[in-house]
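Work through the exercises below with the model open. Try each task before you read its solution.

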Amino acid sequence: MSDDAWTANEALSNLRNALGEKEMSVDDMFETFDADSDGTINGPELHHGIRDMLGDVLSPGQISQIIKALDANEDHRIDLAELRQALQEEE
């Protein structure tokens with residue numbers, strides 16, 4: 001997979017598909033990604049979560065783009081409400 005393979009929208013689409021395939025809720029995905037259980041997903045946690053769940057390794061720039069796209073309160077992290085909003089927008 002090339003470094004340019006994923007945009008933020010493609011990442012959301014891929015994560016939505018993974019939820020269905022793995023029969024997970026958004027809450028389950030959040031809990032899986034939030035490795036330190038601090039209530040937010042930071043860049044490294046998002047990178048590892050996508051790698052572990054989807055098998056894709058994204059560049060730091062791609063991870064940063066995804067966080068910027070989802071991070072409504074601009075704290076450079078994704079909280080559960082932001083992830084829910086992002087993954088439910090196009091249903």
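## Exercises on a predicted model

Glutamine 65 lies in helix H4, which spans residues 60–70. The model is predicted.

**Exercise 1.** Classify glutamine 65 as buried, partly exposed or exposed.

Solution. Start with the cut-offs: buried is under 20% relative accessible area, exposed is over 50%, and partly exposed is in between. Glutamine 65 has 45% relative accessibility, so it counts as partly exposed.

**Exercise 2.** Find what glutamine 65 touches, leaving aside neighbours within four places in sequence.

Solution. Glutamine 65 is then in contact with Trp6 and Ala8. Now check lysine 22, 43 residues apart from glutamine 65 along the chain. The C-alpha atoms of these two residues are separated by 25 Å.

**Exercise 3.** Describe how helices H1 and H3 cross.

Solution. Locate H1 at residues 8–21 and H3 at residues 43–54. Their axes come within 11 Å and cross at roughly 50°. H1 and H3 are therefore oblique to each other. The crossing is left-handed. H1 brings Asn14, Leu15 and Ala18 to the contact, and H3 brings Ile50, Met53 and Leu54. By class, the contact has five nonpolar residues, one polar and no charged ones.

Note on methods
Residues numbered from 1 in each chain as written. Predicted model: local features only at pLDDT ≥ 70, side-chain atom pairs only at ≥ 80, totals over all residues. Heavy atoms only, no water. Helix = DSSP H or I, 4+ residues; strand = E, 2+ residues; numbered from the N terminus. Buried < 20%, exposed > 50% of the residue type's maximum accessible area, 1.4 Å probe, protein only. Contact = heavy atoms within 4.5 Å. Axes fitted to C-alpha atoms, helices over the stretch in contact; angles between N-to-C directions. Parallel < 35°, antiparallel > 145°, perpendicular 65-115°, else oblique. Left-handed = near helix turned anticlockwise from the far one by under 90°. Nonpolar A, V, L, I, M, F, W, Y, C, P; charged D, E, K, R; others polar.
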